[in-house]
Amino acid sequence: MANSLRGEVLNLYKNLLYLGREYPKGADYFRSRLKAAFLKNKDVKDPEKIKELIARGEFVIKELEALYFLRKYRALKQRYYSDN
């Protein structure tokens, strides 16, 4: 793996770990699933395949951010608006 791709992979892992702290099922659940996903693909050597996996990880980051924003929006909506 090229050094630039290695750095991208490490950065992706760190970002996902950070985002996983507030995961609804718990940080430990998220961390174990994240570690399993990265270990499953640890032997990938093809740079194109690595780039595809990085793109998938960035998509997961966007989905997690959307999940958190939606949760925050729902909490605020419940506080300030009644169901009527």
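Which residues in helix 1 are buried? Select Leu5, Val9, Leu12, Leu16 and Leu19: these are the buried ones in helix 1. The model is predicted.

Keep those residues highlighted and look down the axis of helix 1. The buried residues fall within an arc of 95°, so they line one face of the helix. To see what covers them, show helix 2 and helix 3, which are included in that cover.

Now turn to the opposite face of helix 1, the one facing away from the buried side. Select Asn3, Ser4, Lys14 and Tyr18, the exposed residues carried there. For the length of helix 1, go from its first C-alpha to its last: its 17 residues reach 24 Å, close to the 24 Å expected at 1.5 Å a residue.

Next come the salt bridges, of which the structure holds two.

Select Glu22 and Arg71 for one of them; their side chains meet with an N to O distance of 3.5 Å. Glu22 sits in the loop between helix 1 (3-19) and helix 2 (27-40), while Arg71 belongs to helix 3 (residues 47-80). The pair is 49 residues apart and links distant parts of the chain. Glu22 is partly exposed, at 46% relative accessibility, and Arg71 is also partly exposed, with a relative accessible area of 38%.

Then select Asp28 and Arg31. Their salt bridge has its closest N and O atoms 2.8 Å apart. Asp28 and Arg31 are three residues apart in helix 2, so about one helical turn separates them. Colour this pair by accessibility: Asp28 is exposed, with a relative accessible area of 57%, whereas Arg31 counts as partly exposed at 41%.

How values were computed
Residues are numbered from 1 along each chain as its sequence is written. This is a predicted model: local features need pLDDT of at least 70, side-chain atom pairs count only at pLDDT 80 or more; totals for chains, interfaces and linings use all residues. Side-chain values use heavy atoms; hydrogens and water are left out. A salt bridge is a side-chain nitrogen of Lys or Arg within 4 Å of a carboxyl oxygen of Asp or Glu. Helices (H or I, at least four residues) and strands (E, at least two) are DSSP runs, numbered from the N terminus. Buried means under 20% relative accessible area, exposed over 50%, partly exposed in between (1.4 Å probe, protein chains only). The expected span of a helix is 1.5 Å times one less than its number of residues. The arc is that of the directions from the helix axis to the C-beta atoms. Contact means heavy atoms within 4.5 Å.
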